[in-house]
Amino acid sequence: MQREQFELHAAIERRHWWFCGRREIVASLVLDTLAGEADDAVVLDVGCGTGANVAELSQRFRCQGMDTAEDAITLAREHFPGVEFHHADVLDRSHELPDGLRLILLMDVLEHIEDDRAFLAGLVDRLPVGARVLITVPANPALYGRHDEVFGHHRRYTMHSLPPVWAALPVSVELCSHYCSALYPAVWAIRTAQRPFGAAFGEGDTDFKMPPAPVNTLLRTLFSAERRPLRALREGRGRPLPFGSSLIALLRKDAA
């Protein structure tokens, strides 16, 4: 990602339906996941970008953000001065992970990494037993377009291609499903229409564009409502959502 895309993120991520809806889904799962954990349990957002996710979660949990992109961390510190951000690589063992770490967020991170399996293996190796990793990634390679290129995505995933990323690791899967399902037909239609032109829908050569306020509220409501079936799925009730523009997974480290 370039400075232009980080600045776009910083400008809209507190209001845009997709960012807001995802935060509501993630917050509900984090709340369930950390229920019963110690009060000093720490959530670390790896690849935190410009910081809105960890800033909102920090109202409920002890949170820190980390990113290898200096531009992203600079913007995060400017917008959320009360949150602790680190310009660091989570695999760099010279950088200590926080005491009390119980959950790592990888919010649309793995698609940026060429060797996603090696990265996740290194990350899990650093975690204490019982800690969890909450992962979101873009879904369906057929949707790959200009937006993905601009953001430096190596791939989009499927329910068949994501599990092999952690297949050899000492983890158990507590959740794996599509999400952003209700709006998937619209996403598919827009991406399909764009493909012949090699163009993006929104600003900065991306698909992000602020819709009118009533539309933004409606889209956010439809998207964030998926937190209920996803929470039920994590509790062993229901089935994974059958399709969506993204995937979400929750892993628990089982052994050293």
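I took helices (H or I, at least four residues) and strands (E, at least two) as DSSP runs, numbered from the N terminus.

**Entry 1: basis.** I worked on a predicted model, in which local features need pLDDT of at least 70 and side-chain atom pairs count only at pLDDT 80 or more, while totals for chains, interfaces and linings use all residues. Residues are numbered from 1 along each chain as its sequence is written, and side-chain values use heavy atoms, with hydrogens and water left out.

**Entry 2: strand 1.** I looked up burial, where buried means under 20% relative accessible area with a 1.4 Å probe, protein chains only. In strand 1 (residues 42-46), 5 of the 5 residues are buried, so the strand is largely enclosed by the rest of the structure. I noted cover on both faces: V42, L44 and V46 are buried on one side, and V43 and D45 on the other.

I then looked up its partners; two strands pair if DSSP finds at least two bridges between them. Strand 1 runs parallel to strand 2 (residues 62-67), to which 5 bridges join it. Within this pair, V42 stands opposite R62. The chain passes from strand 1 through helix 3 (residues 52-57) to strand 2 in a right-handed β-α-β crossover; right-handed means that, with the strands pointing away from the viewer, the path from the first strand over the helix to the second runs clockwise. Strand 1 also pairs in the parallel sense with strand 4 (residues 101-107), over 4 bridges, and there L105 is the bridge partner of D45.

**Entry 3: cavity.** I used a 1 Å grid over the protein atoms alone: a cavity is a set of points where a 1.4 Å probe fits but cannot get out, a pocket is an open set with protein on both sides within 12 Å along at least five of seven lines, and lining residues have an atom within 4 Å of a point. Volume is the space filled by probe spheres set on the points, which are joined across faces, edges and corners. I found 1 cavity of 30 Å³ or more in the whole structure. The largest cavity holds about 60 Å³ of space. Its lining includes R22, N53 and L105. Helix 2 gives the most to this lining, with 4 residues.

**Entry 4: helix 2.** I checked burial again: 15 of the 17 residues of helix 2 are buried, so this helix is largely enclosed by the rest of the structure.

**Entry 5: pocket.** I recorded a volume of about 1200 Å³ for the largest pocket. Its lining has 50 residues, and W18, D108, H147, H153 and F208 lie nearest its centre.

Note on methods:
Buried < 20%, exposed > 50% of the residue type's maximum accessible area, 1.4 Å probe, protein only.
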